Structure formats: structure tokens, C-alpha cells
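Here is a short report on one model.

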Amino acid sequence: MKEAIHELLDQPGIWRANTPHRGPSSPARDHVPSGFAALDRALPGGGFPGSALTEILYEAHGVGELRLVMPALARLSRSGRWIAMIAPPFVPYAPALAAQGIDLSRLLVIHPNDGPQALWSVEQALRSGTCAAVMAWPSHCDDRSLRRLQLAAESGDSVGMLFRDSTAATERSPAALRLALGESSGQQLNIRVLKCRGTPPGAVALDSWSTAPVRPQHPLPLEE
């Protein structure tokens, strides 16, 4: 029985917590720096996992969920591929996105008619290979749907970011990274790392959570 278990655990598709991810690509190439040094230090590879899903869970809109991903998205928008926003809860404000360094010429905003169409759109965008990142706000997403999206992100070499209600924290998920945002003040955002390949759960506080606009022609902030 022990030999059978060891053989199973040696399979490359099996991931165990607290052990480095053994994917076909190097970790450095598989991660996108978040733009926040404290968070990058807490995540294996130094940023958001590439070719994978990241879930960002929060209780209310506006706690900092977008600002958390803006530096990474700005970097990805300059890669020549698309950044897709699917079913955003509000109309994206173009000047604010540009001020954060997003190349608006590479931005797609998609408004599906319903939840199933939204999930279909997310999967197609992730799988297409033309999107460097896909941001989505699904109204409902079960374990089976998440697995399909995770596989689509791997297939399309895309960074998938799902923004979901904090109640989803108790649900199972195959996402490579799950972050739960806590209360934020003007200079601090508290983040709990619920799941991350290669590191145990933990917490990070971004102490210099600046609300100052970033000029697009300047390098994005990489310090705390």
C-alpha cells in the first residue's frame, strides 16, 4: 500500500502543500511580479502564478482588489497580448486605468448576458492564447467550473484572476493562488494567503498602500 501511495505522489500532476511546484516551466518564468515587494516575497516565484488561476476574495467592492492587481496588469498589457475584463460589476474608468499604467489599446471589456455565458467567455479567453490576463467577476462558480478555468489558463498560458465574494473562502478550489482581502486603511491592505502552491497559508500587510496615481511613463512601484 505504501509503495502505491508513493508512486501516486510521485506523479508530476500531484501537488502537495509546502512543497515547491514541479511544473514543466521554471518558476521565474511562470510568475508575474505583483508590484508589491511584501507580497512578492510571500509568494513562491515572486508574484502571481502564470498560466494559472488566482482567486481574490473580498467582502465589499473597493477594498483594494483592483489596486492589488494593477501593477501586474500594467506589465502584462505591454506584452502585446490582450487584457480581458469579463462581467465587471462597474463600468471601468479608463483615465484611472491609464493612470495605473494600463495600455488601454490592449484592454477588452466583455459584458455577458448571464452567469453561464460569463463562465463560457472566461474559459474561451483563457484558452485562446491571445490574452495575457483575464479578469472576471463570476456570479457563481462551482468546483467543476473552476477546474475547467484552471485547465484553460494552463492551456492558453494566461493569468486568470477571479474576483469573488469572501464567502467562497470555505469552498474547495483548484486555483493555484487564493487571496482573501481584509480591511484596508489609507496606507495598509491586509491580505491572507489561503492557498498557494509551494508555501503554507499566511498573511501579508502592504504597509505603503498608496492611493497616489502612477504616471504611466514611470516604472511601477515595486517597494512596500
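## Around Thr54

Not counting residues up to four places away in sequence, Thr54 touches Phe48, Pro49, Gly160, Met161, Leu162 and Leu177 (contact: heavy atoms within 4.5 Å). Thr54 sits in strand E3, residues 52-58. Helices (H or I, at least four residues) and strands (E, at least two) are DSSP runs, numbered from the N terminus. Thr54 counts as buried because its relative accessibility is 0%. Buried means under 20% relative accessible area, exposed over 50%, partly exposed in between (1.4 Å probe, protein chains only).

## Basis of the model

The model is predicted: local features need pLDDT of at least 70, side-chain atom pairs count only at pLDDT 80 or more, and totals for chains, interfaces and linings use all residues. Residues are numbered from 1 along each chain as its sequence is written, and side-chain values use heavy atoms, with hydrogens and water left out.

## Strand E4 and its partners

Strand E4 (residues 82-86) is mostly covered, with 4 of its 5 residues buried. E4 runs parallel to strand E6 (residues 131-136), joined by 5 bridges. Strands pair if DSSP finds at least two bridges between them. Ala84 stands opposite Val134 in E6.

E4 also pairs with strand E5 (residues 107-110), in the parallel sense, over 4 bridges. There, Met85 has Val109 in E5 as its bridge partner. From E4 the chain crosses through helix H4 (residues 94-99) to E5, a right-handed β-α-β crossover (with the strands pointing away from the viewer, the path from the first strand over the helix to the second runs clockwise).

## Nonpolar cores

The largest nonpolar core has 37 residues. Such a core is a set of buried Ala, Val, Leu, Ile, Met, Phe, Trp, Tyr and Cys residues joined through side-chain atoms within 4.5 Å. Phe48, Leu68, Val69 and Leu73 have the most contacts inside this largest core. Helix H3 (residues 65-77) gives the most to it, with 7 residues. Another core, of 17 residues, lies apart from it and includes Leu53, Ala125, Ala152 and Ala175.
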